[in-house]
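Subject: Structure for you to look at

Dear colleague,

Here is the structure I promised to hand over, and I would be glad if you opened it before reading my notes. Please keep the sequence beside it as you read.

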Amino acid sequence: MKTITTLIAIFFFGILSSNAQTENPQEIYIMGTMHTVPKIIKRSYKPMLKDAITYHPDAIYVESPRGTDSLSWAYLKDGWSKSYQKFYRLSDSIQSVFTPDENRFQSILKRDFNTMNNNDLDFLIKTFTYHRDHANYEFYSYIKTYGSEGSHKPTRHEDGDLTFKLALDQNIKLLKSMDDQRTNGKYHEAWSKCSKEGQYNGNNAINTKLNKKGYNSAIIPALFRGLGSHINSRKSLERLHKSSAFTYAEVKTSGCTEGEKYWNARNFRMSQNIAEQVIASGLEKNIVIVGASHVIGLEKALKTNYPNLKVVLMTD
């Protein structure tokens, strides 16, 4: 009788556990950013930060290459970004003179941000540099510069005004990188090719009109600190995706077709980087802070390939 009672209890606990998992799937909340904003609207990220804090994420994913992504760094070391080139060289130099100490690293990360002194921060910064972890190198360099409260003046960039302040507020010690730039060089080549082709077939005129419409529609929201909400509206996100993926082109050319292929492939790989880390972590609430042009592509890839994950956009 005791055995039967035990089996029944296990059965019902299994049902309850299953229902709990169904009711609380792991969630990915995607927030599209404007990267750097003009001085006249320098406080544009303040409402977005408030929204992100209200969401109360367990983890923050950022548009930065992972330290272990050798294919992306093979391109970035001589690629489009001077900042990434400089960081790659710094990482190489640190690897030749610095020895990581995992015990000290973990010990420092267990402490509150406001108790980390300059020696602690320097050690963390060197460790992140050694591992080519650009996102957390930037994060802890920011803390060393501005302190554990962050910059009091707007930096006008998503990192200083949104991502880093969110991490400090939520006591999240490590940012999770999810970008993939291994084919960015080919994407930029396709972009140039598509632009040259579009001079004579009307495609460029279509894109110019599309961008002008997007710019004009953003003026009033931007003046009233509503740029973040405006950019994250479904209509704006679709427009940005169309421009970046070259799907605005009515005349299909080789350059535009190649560009669309590389754009979609990058978004797919980014979605893999996000989903695999989310699933492995077991954390329920995960926020992705990414350039707004990527949002539609990420949403589609995540919903198609990871149906067990709940995907939510900022303005849903």
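Below I describe what was found, topic by topic.

The model is a predicted one, in which local features need pLDDT of at least 70 and side-chain atom pairs count only at pLDDT 80 or more, while totals for chains, interfaces and linings use all residues. Residues are numbered from 1 along each chain as its sequence is written, and side-chain values use heavy atoms, with hydrogens and water left out.

On confidence, the mean pLDDT (the predictor's confidence in each residue, from 0 to 100) of the protein chain is 94, and 93% of its residues reach 70 or more. Residues 15–22, however, have a pLDDT below 50, and in the model this stretch has zero contacts (heavy atoms within 4.5 Å) beyond near neighbours in sequence. Where pLDDT is low, the predicted coordinates should not be read in detail.

Next comes the sheet. Helices (H or I, at least four residues) and strands (E, at least two) are DSSP runs, numbered from the N terminus, and two strands pair if DSSP finds at least two bridges between them. Five strands form an open sheet with parallel pairing, in the order S3-S2-S4-S1-S5. Strand S3 (176–179) and strand S5 (310–313) stand at the edges with a single partner strand each, so one side of each is left without a neighbour in the sheet. Strand S2 (residues 59–65) runs parallel to S3 and is joined to it by three bridges, and Tyr61 stands opposite Lys176 in S3.

After H10 comes Arg225, whose phi is positive, near 60 degrees.

Helix H6 (residues 118–130) holds Asp120, which is buried with a relative accessible area of 7%. Leaving aside its neighbours within four places in sequence, Asp120 is in contact with Arg104, Ile108, Arg111 and Thr115.

Finally, the aromatic rings. Rings of Phe, Tyr and Trp (its six-membered ring) pair if their centres lie within 6.5 Å, and planes under 30 degrees apart count as stacked, over 60 as edge-to-face and the rest as tilted; by this rule the count comes to 21 aromatic pairs. One of them, Phe98 with Tyr130, is edge-to-face, at 6.3 Å centre to centre and 65 degrees between the planes. Phe98 lies in the loop between helix H4 (82–95) and helix H5 (102–109) and Tyr130 lies in helix H6, so the pair ties together parts that are 32 residues apart in sequence. Phe98 counts as buried at 13% relative accessibility, whereas Tyr130, at 25%, counts as partly exposed. The rings of Tyr142 and Tyr146 have centres 4.9 Å apart and planes at 50 degrees, so this pair is tilted.

Best wishes

Technical notes: Buried means under 20% relative accessible area, exposed over 50%, partly exposed in between (1.4 Å probe, protein chains only).
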